[in-house]
Structures are given as structure tokens and as C-alpha cells.
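I am starting a notebook on a structure that is new to me, and I want to write down each thing as I look it up.

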Amino acid sequence: MTRTHPRSAFSFSFSFSFSMAFALLALLLLPGSGRAADLKPPAFAETSAADNAVVVWDNAVLHAIRTIKPGPTIVARSLAVAHTAMFDAWSAYDAIAVPTIRHPNWRRPSGERTTANKEEAVSYAGFRVAVDLFPSLQSDFEAILAQQGYSQATATEARSIGNTAAEAVLTMRHADGSNQENGYADTTGYVPVNTPISVTDPNRWQPLGILIGNSVVTQKFTTPQWGLVTPFALTSGSALRPPPPPAYPDPRYKEEADEIIAISAALTDANKMQAEYFADGPNSEFPPGHWALFAQFVSRRDGHSIDDDAKLFFALGNALLDASISGWDAKRAYDSVRPVTAIRFLYKGQKIQAWGGPGAGAVTISGENWRPYQVPTVVTPPFPEFFSGHSVFSAAGAQILSSFTGSDTFGYSVTILAGSSAAEPGVVPASDITFSWATFSDAADAAGMSRRYGGIHFHTGDLAGRSLGRTIGAFAWTRAMTFFDGTADSREVDRPSRERSRPRVIPERP
């Protein structure tokens, strides 16, 4: 299925067209700096009248994410919290499933297990969580609730079920280590070793100075405390922590940097647009939200009921949460260097062949002027490199979608329109390009590779993220099934660890 679709302010389609409203100059306050306008969000299909309440409130949360721009870790947690509350509310009307947090007399009698009651309970759970996570958008959420035909002035059993489920999940998550109630502020005391204008340690992350409008903004590590957040299926954020990446002067450090330079010099239109399609920057759903949209595609493709989607999005949201926790544990532990810093450090004063900026193609430049293929308002993400968040989110998402459907088959395509590049508007791509992913793992691999095309992740960081994402997805699926089949006694039961036998994982491919 291939889609193209015009942009809409509150739309959620799987077609894609990039903004052309950029005056593109480099934005780093290092050699090659400049200014640019904000990137507009991608267009996604509007919610269908046939969508069940789970999809409606998934879209509501994604709308809030595009508006508030909270960062990938907070996005993953927001989806997990919302869909856990919705699942718990739905479970009251199922004959077997159990909620993550038990309540007295929770299960409703068979006569109440109607689709209408499930829709209402799920909607109120989604609403209550959305308001808690994004209070400034309460009026938007109230409008969605009204569009569904629900009135907060009317007390019903289903509304009580939804509110109770949400309250219990929120109480638990307010104490999960994310520091939501203090704006997700760092609780670890992180201080970068390097500054925007000096590199003390070439193995450590360098926050960059970005010129936005007339202001210089120094990047700040997004949620460095995230590895301490309570996971869903893992024993801890560090349970699956991989070995560290290559460190200077290890020859592999230079080899990884050289690979990124070579990719930069050989970028095709298809490579560039793959990097842009999966970029999922601050004005989008971020990588976790992209996989929620893929799940919506699967829901519509397969004609899901509310029963199906209560389970699917619950498993997916919590897999993405655990992926964020594991990924940010490693980012905080290793504080690893991004390609832009490593390449400029290694090749300062030397000439290299690389992408020369919008419309320039591959040119000879000074190593200290190297830049990744990114829009100027991003340049490189505001957190350390190892390992790739895109890779771990995507592999975990692919694992859940494969496990739920019983097949790796995806069958999704997206057409990128000629000249619609955000980084090189009016020039790239020279003609329409269609990306097709036969399988979920194909899409996950493409997302991981896109970060190398974009010049912001190394080979090791990408592949480590893909491998761990598959494992995290499998663990999350195994634990989710204990709530589906009623064998989980509480949220503390049957949490898989690396010592336990692992469920089926999509095989790693070269």
C-alpha cells in the first residue's frame, strides 16, 4: 500500500511530504554556521470514523507530542502510560486478561462486556492520562472526548472503570524515576566534559551551540536520568547494557568515523530521503511515535477490534518504554562522542571528501567543517551517541508487531515527492522516490541505517541498538502475554531478565 497525502494540522497519515520552507544554511556555531526556519511535522492520515478508542487516543497523544515536543524518552513513556491505563480499563471487560494494577471486584460481569462499555472505559482512561501528561492541552482532549459522544457530567460505570485504571497507573508512574512532576528534570547531576567550542575528551559527548533565530542555544542532554526509570519487562535499565563502543586511540574509532565520511561523500537522493523520512525530529512524533503510527496501519490493515488494539498498543508502548530506558542507560553510562565531534577532531586541518551542504553534493572540505546530513535546527541530537535510539526503538517495535501478528510481513510503502527535502528543498529528490518495506524488520533496519546516512550514528551504535531492540521487544511481548492470559498476579510478577530463557526473536541479518 503506497500513500501520498497533503499536509494537515491535525492529521495522521502514513504518506509523507517534507517541508520546503527552509532557508538552509549550516547552524553550528563552528565553521559553517547559519540559520533556518522550523521543520514542519510530517503528514499522517486523519483518524477514521471506524477507528476504535485505542487508536483515537493513541492519535490524541501523538497530537500532543507534536505540539509539546517532549523528546524521544518522554514520548515512549507517554505512549506506555496511556496504553497501560487503556489496557487496564479494557481488561475489566475481558473474561481472562488481568490489569497491571489490581483493584477489588475489578472484573465486570459478562452482561457488561459490551463493545460500548469497552470504548467508553478506554476513552476515559486515555483522556485522564493525556491530561496528566500534557495538561496545557486539556481543552483539546475534552474536544476529542466530546466528539466521541461522552460527557464528563454523566457518571457511568464504564467512566469510573476508566478513571480508576488511569489513576492507579499514574500513581505508580509518578514515582517511576522519570521525574515527570518536575518537568523530567535531570536527577543525576550530569555535567558534560566537553563544551560547544572545546573538546577535552574525544571519546565523550560534546553539546553543540546552535543558533536559533537570534539566540545561541547550547544543547542539553535530554533526560540523562532515564536509565533509572522503572521498566516494564527488564529488571533494570542496565540489565542489558552492552560493552562500550570503540574509544580513541583504538583504530576502530577512526574506522567508524571514516565509514561515516565515506557515506557522506556518496549520498544518493534515496539515502538522503531515507535519512529524512526516519529523522523524526522535534516537530514530529519522534521514533517511538513513528512505530505507533505503523501499528495504526496494521490495525486498519487487519481490521482490528478494540480487543486487538488494547493488547497490541499496550505491548508496543511498553516495549518502546523499555527500549528508551535501556538506550539512555548506555548513553548516560558511556557519554559517547557523536560523529560530528569525532570527525572534526580527527581531521582538523586536513582535507576530506564529504557532503558540502544544500545543493553542493560531494566536495573537498576541511575536516573541521564536516557536517552531518541533517536540517540545521537538529545538526546532531542533544544526547550521547551510543547506542542508537532509532535502532533500538525500531527493532523493539518491529519485534512486537511481528509477535502480535504472527508474521514479519508489513507490506507498507511511502512515496517521497520530488523536491520535498527539508535539507535540500526544491532539489532533492530529483524525482519521486518510493520506499517499500516487505517486513517489519526491513523497516527497522532502514530506520537504523538512516542514522548512518544522516551522519549522526556510528556502525557499532546502530547495530547494537538493533540487536538489543529485538531482545527488548521479545521480553516485553513475553511479559505482556502474562497479562493477556491472566497469569500475571501484579505488575511485579514475571519480569524477564537476561538469565531467563528468551522468547523468539527476529533473526539478526547482515
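**Entry 1: helix H1 and its ends.** I looked at the N-terminal end of H1 and found that Asn52 caps it, with a side-chain oxygen lying 3.0 Å from the backbone nitrogen of Val54. I keep in mind throughout that this is a predicted model. I then checked the length of H1, which covers residues 53-68: its 16 residues should span 22 Å at 1.5 Å a residue, and the end C-alpha atoms are 22 Å apart, which agrees. H1 is mostly covered, since I read that 14 of its 16 residues are buried.

Entry 2: In the loop between helix H2 (72-91) and helix H3 (115-133) I looked up Thr100, which counts as buried because its relative accessibility is 7% and the cut-off for buried is under 20%. The side chain of Thr100 makes a polar contact with the side chain of Asp88, at 2.7 Å.

**Entry 3: Gln152.** I next turned to the loop between helix H4 (138-147) and H5, where Gln152 has its place. Is Gln152 buried or partly exposed? At 37% relative accessibility, I have to count Gln152 as partly exposed. Leaving aside residues up to four places away in sequence, I listed what Gln152 touches as Tyr124, Phe127, Glu142, Leu145 and Arg159. Of these, I followed Tyr124, which is 28 residues from Gln152 in sequence and 9.0 Å from it in space, C-alpha to C-alpha.

**Entry 4: rings.** I noted that the structure holds 35 aromatic pairs. Tyr184 and Trp226 form one that is tilted, 6.1 Å centre to centre with 45° between the planes. Which parts does this pair tie together? Tyr184 lies in the loop between helix H5 (157-173) and strand S2 (209-212), and Trp226 in the loop between strand S3 (215-218) and helix H6 (251-265), so the pair joins parts that are 42 residues apart in sequence. I found Tyr184 buried, with a relative accessible area of 12%, and Trp226 buried at 0% relative accessibility. I also followed a cluster linked by ring pairs, with Tyr277, Trp291, Phe410 and Phe440 among its members. Two charges over rings went into my list as well: the charged end of Lys311 sits over the ring of Phe484, 5.7 Å from its centre, and Lys331 lies over the face of Trp328, at 5.1 Å from the ring centre.

**Entry 5: the core and the whole chain.** In the largest nonpolar core, which has 147 residues, I saw that Trp57, Phe141, Phe294 and Trp437 touch the most other members. Helix H9 (residues 306-334) gives the most to this core, with 14 residues. For the chain overall, I wrote down 13 helices and 7 strands, with buried residues making up 60% of the 510 residues. Among contacts with a separation of 6 or more, I noted that 77% are between residues 24 or more positions apart.

Notes:
Residues numbered from 1 in each chain as written. Predicted model: local features only at pLDDT ≥ 70, side-chain atom pairs only at ≥ 80, totals over all residues. Heavy atoms only, no water. Core = buried A, V, L, I, M, F, W, Y, C linked by side-chain atoms within 4.5 Å. Buried < 20%, exposed > 50% of the residue type's maximum accessible area, 1.4 Å probe, protein only. Helix = DSSP H or I, 4+ residues; strand = E, 2+ residues; numbered from the N terminus. Phe/Tyr/Trp six-rings, centres within 6.5 Å; stacked < 30°, edge-to-face > 60°. Lys NZ or Arg CZ within 6 Å of the ring centre and 35° of its normal. Expected span 1.5 Å × (residues − 1). Polar contact = N/O pair within 3.5 Å; in protein donor to acceptor, adjacent residues only side chain to side chain. Contact = heavy atoms within 4.5 Å.
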